[in-house]
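Open the model in your viewer and keep the selection tool at hand.

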Amino acid sequence: MLTLAKFSIGAGDRFAHQARAQLQACVLAAEQGAEVVPVWNKSHREHLIVGSAPASVRAAADAAVRELGWNRPYHVDADHIRLTTVDGFLDSSDFFTIDVADSIGQAADPAAVRALADRHADLAGRVEIPGIREPFTIGRADVERTAEKYLKAVQDAGAIYRKIAAAKGEGTFITEVSMDETDSPQTPPELLVILAAIAGEGVPVQTIAPKFTGRFNKGVDYVGDVRKFEKEFRDDLAVIAFAVKRFGLPANLKLSVHSGSDKFSIYGPIRRAVRESGAGLHLKTAGTTWLEEVIGLAEAGGAGLDLAREIYAKALKKRDELCAPYAAVIDIDPAKLPSAEEVAGWSGERFVAALRHDPANPAFNPHLRQLIHVGYKVAAQMGEKYLSMIEVCEPTIARNVTANLYDRHLKPLFVGA
């Protein structure tokens with residue numbers, strides 16, 4: 001079976017120009033003794049917006065690997081695919097993030113719910129899980145209630161998995177099940193029942209992305225109780241280790257944190273929990289690279305800065321349209337967005353200070369950052385104008401992309417003792 005390494009980093013690359021710079025960050029980590037496998041990810045929605053095809057992600061990844069002589073594993077992820085969108089990814093992807101969040105809460109067959117509860121009658125009662133101080137007390141009603149909410153989603157994941165397996169062959173790809181883009185977080189006891197259901201569907205899941213407590217907004221830090229998150233994260237790790245043994249799931253099953261990028265305040269707790277438990281981790285950094293492209297344009301000055309200002313002005317004008325698809329994962333206060341006229345007068349240094357995620361900098365503006373994060377459609381509509389400029393400014397952009405991924409993500413999580 002194609003097996004995902006213990007530590008992996010999901011890196012989005014909206015315009016498929018930064019794969020080499022992204023991979024360079026993994027090279028730097030490897031030089032420090034930390035093997036973190038790159039997984040280039042792009043969703044059907046992103047391809048539609050940018051006007052690209054899944055094969056472009058594979059081509060960019062393969063080229064970066066050749067150019068840097070990377071001799072370790074790497075993967076291409078069909079990100080957030082569903083039954084209706086998976087076909088276009090079958091040839092180029094070897095990692096599939098099966099997104100079933102839309103199916104959560106849909107009614108499952110009552111007979112299937114009862115069958116799951118019967119099959120796992122041992123979960124009804126006091127469940128002692130190593131690593132969790134207080135045993136779970138789960139009644140049969142709790143198992144059935146969880147199944148009523150999540151079983152249809154798991155069944156849909158099974159259908160998507162089987163479609164991929166029929167096309168590519170069993171054991172030739174990595175499967176992730178994603179349930180993070182929904183309203184309510186899954187509790188550790190719910191995760192246990194969900195994993196039991198996944199095992200029953202015969203899905204060899206290697207990573208699972210639950211929804212955690214707190215806000216995971218695009219491009220900015222975690223919003224919530226960090227101590228509560230750490231406890232929940234540690235409990236989830238313990239549940240996964242327990243489920244692997246109890247339900248026969250793949251031994252390398254690990255948590256996937258769909259961060260929305262830059263959840264710096266929870267990196268310390270995640271690092272401690274992973275190292276103390278010996279667990280693996282998949283971190284998905286989403287649109288960080290696109291933001292670093294804009295930062296690189298502004299830092300380059302001249303025409304690059306002019307284009308960065310133009311991107312912001314157009315994003316501001318189209319704010320409602322750009323924000324609508326991401327309403328659940330952004331918090332933008334329009335009153336705190338500078339006017340296009342103000343930004344037109346900014347220096348490159350001032351623009352970078354507002355956009356770069358440095359909360360210690362008084363000029364940092366998380367509202368502007370979130371708007372640009374979801375505003376890549378503006379650059380896509382510019383077409384060759386944008387693509388040619390990021391090639392002109394490539395040295396500045398690449399430096400920012402590599403430094404961001406290594407210094408702010410890989411190093412705090414994976415490098416060193």
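**Stop one: a strand residue**

Select H80, which lies in strand β3 (residues 75-81); strands here are DSSP runs of E with at least two residues, helices are runs of H or I with at least four residues, and both are numbered from the N terminus. The model is predicted: local features need pLDDT of at least 70, side-chain atom pairs count only at pLDDT 80 or more, and totals for chains, interfaces and linings use all residues. Residues are numbered from 1 along each chain as its sequence is written, and side-chain values use heavy atoms, with hydrogens and water left out.

H80 is not a glycine, yet has a positive phi of about 55°. Is H80 buried or exposed? H80 counts as buried because its relative accessibility is 14% (buried is under 20% relative accessible area, exposed over 50%, partly exposed in between, with a 1.4 Å probe and protein chains only).

**Stop two: a loop residue**

Go to A16, in the loop between β1 and α1 (19-31). A16 also has a positive phi of about 55° without being a glycine. At 28% relative accessibility, A16 is partly exposed.

**Stop three: strand β10**

Now select residues 281-284, strand β10. In a regular strand the side chains alternate between the two faces of the sheet. Here L281 and L283 are on one side, H282 and K284 on the other, and all are buried.

K284 is the bridge partner of G10. Strand β9 (residues 254-258) also pairs with β10 in the parallel sense, over 4 bridges, and K284 is the bridge partner of H258.

Key
Two strands pair if DSSP finds at least two bridges between them.
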